[in-house]
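Reader: I have not looked at this structure before. Please take me through it in short questions and answers.

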Amino acid sequence: MIPTLSHYLAVAAILFALGLFTVLTRRNAVAVLMGVELMLNASNVNLVAFNKFLVGGLTGQTFALFVVVLAAAEAAVGLAIVLSIFHTFKTIDVRAADLMRE
Amino acid sequence: MRTKKKLIAWTLGSAAVVGAVGVLSARLSPALAAGGTRPMAGPFTLADGVFYAVAALTVGGAAAVALSRNILYSALGLLAALLGVAGLYVFLSADFVAVAQVFIYIGGVLVLILFAVMLTNRIGEVNISNASLGWASGGILSALMLGLILVVAFEIPWAVRSTGGSPTTAPIGHALLQQWLLPFELASLILLATLIGAIIIARKEIRAE
């Protein structure tokens, strides 16, 4: 079978579902961020695949690049917040961090 | 009994979410499917085998992220998943996006995540224990979502156009500095704000007594 659009969409769907599962079940804040990265990657695969198979041109790829940039920014700020939470609460369990101060 | 009630609530909530998305996509699908044909089955070539290997790498890495109990193994699984996604971009003839994926995700984001893992996890503490309810509710919502997207992916006869693969770096550069100049500059502004914000949030506060 030649890989068609549906194959790429299927891979992205599995990636998205696993990312969603990670975000829903993990209590470690860093792992939750990893799940978010997985979901962003799944959406990026969809963008590039639709761009190639349905639309043509470069709009989808450019959009995927912007998503990558924003994901990098999100990871940097998110991990800084995780470090700050760790300094404050001595844990990164997402259930423990329910205050914005000590 | 409380867990049972929670489980039922999760199931109903997940079904509601998936149903809403399903109705929306059913509304959209006739417009998307105009003039599409079902793909033909062809002979199995080496390129197809490489595609399935890359897809397996991606899915396996993502499964390691989701299911591994050790956060360090999760980070390594994320490495495999990101590499696999870069391979998928190559298959989609998006060379610049693939290289950017390797540079930014594997060179930047993954190293950040590894730093965060090692700075915040006490060595020897492998305590990411999940209650079984968390697994059940998360699994229900994820599985329903996966089934819905797979149905959409395989049942809609997409109107596929064949587009040739050509180098994309120069056209993307032109597009970024002509058509997408404002978003490009906004992205640089966001990165600057992120840089300053991350430093301010993560630094240790020294109070003047």
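Author: A residue counts as buried if 20 or more other C-beta atoms lie within 10 Å of its own, as exposed if 12 or fewer do, and as partly exposed in between, with C-beta atoms placed from the backbone. Helices (H or I, at least four residues) and strands (E, at least two) are DSSP runs numbered from the N terminus. The model is predicted: local features need pLDDT of at least 70, side-chain atom pairs count only at pLDDT 80 or more, and totals for chains, interfaces and linings use all residues. Residues are numbered from 1 along each chain as its sequence is written, and chains are lettered from A and ligands numbered from 1 in the order in which they are written.

Reader: How many helices does chain B have?

Author: Along the sequence, chain B reads α-α-α-α-α-α-α. There are zero strands, and the number of helices in chain B is seven.

Reader: Which residues of α2(B) are buried?

Author: This helix has 22 residues and reaches 31 Å between its first and last C-alpha, close to the 32 Å expected at 1.5 Å a residue; the expected span is 1.5 Å times one less than the number of residues. Its buried residues pack against α1 and α2 of chain A and α3 of chain B. They are F51(B), V54(B), A55(B), T58(B), G61(B), A62(B), A64(B), V65(B) and A66(B).

Reader: How many of the 21 residues of α1(A) are buried?

Author: Helix α1 of chain A covers residues 5-25, and its end C-alpha atoms are 30 Å apart, which agrees with the 30 Å that 21 residues should span at 1.5 Å a residue. The helix is largely enclosed by the rest of the structure, because the number of its residues that are buried is 20.

Reader: Which helix gives the largest share of the side of chain A that touches chain B?

Author: Two residues are in contact if their C-beta atoms lie within 7 Å. By that rule, 62 residues of chain A are in contact with 72 residues of chain B. On chain A, α1, α2 (29-55) and α3 (59-89) each supply at least two residues of the touching side. The largest share, 21 residues, comes from α3(A).

Reader: Are α3(A) and α7(B) roughly parallel or roughly antiparallel?

Author: Angles run from 0 to 180 degrees between N-to-C directions, and axes are lines fitted to C-alpha atoms, for helices over the stretch in contact. Angles under 35 degrees count as roughly parallel, over 145 as roughly antiparallel, 65 to 115 as roughly perpendicular and the rest as oblique. These two helices pack at about 10°, with axes 9 Å apart. That makes α3(A) and α7(B) roughly parallel.

Reader: What does I113(B) contact, leaving aside neighbours within four places in sequence?

Author: I113(B) is among the core members that touch the most others. Its contacts come from both chains: V30(A), L33(A), M34(A), A75(A), L79(A), A75(B) and L78(B).

Reader: Is S93(B) buried or partly exposed?

Author: S93(B) sits in the loop between α3 and α4 of chain B. Its phi is near 50°, a positive value in a residue other than glycine. S93(B) has 17 C-beta neighbours inside 10 Å, so it counts as partly exposed.

Notes:
Core = buried A, V, L, I, M, F, W, Y, C linked by C-beta atoms within 7 Å.
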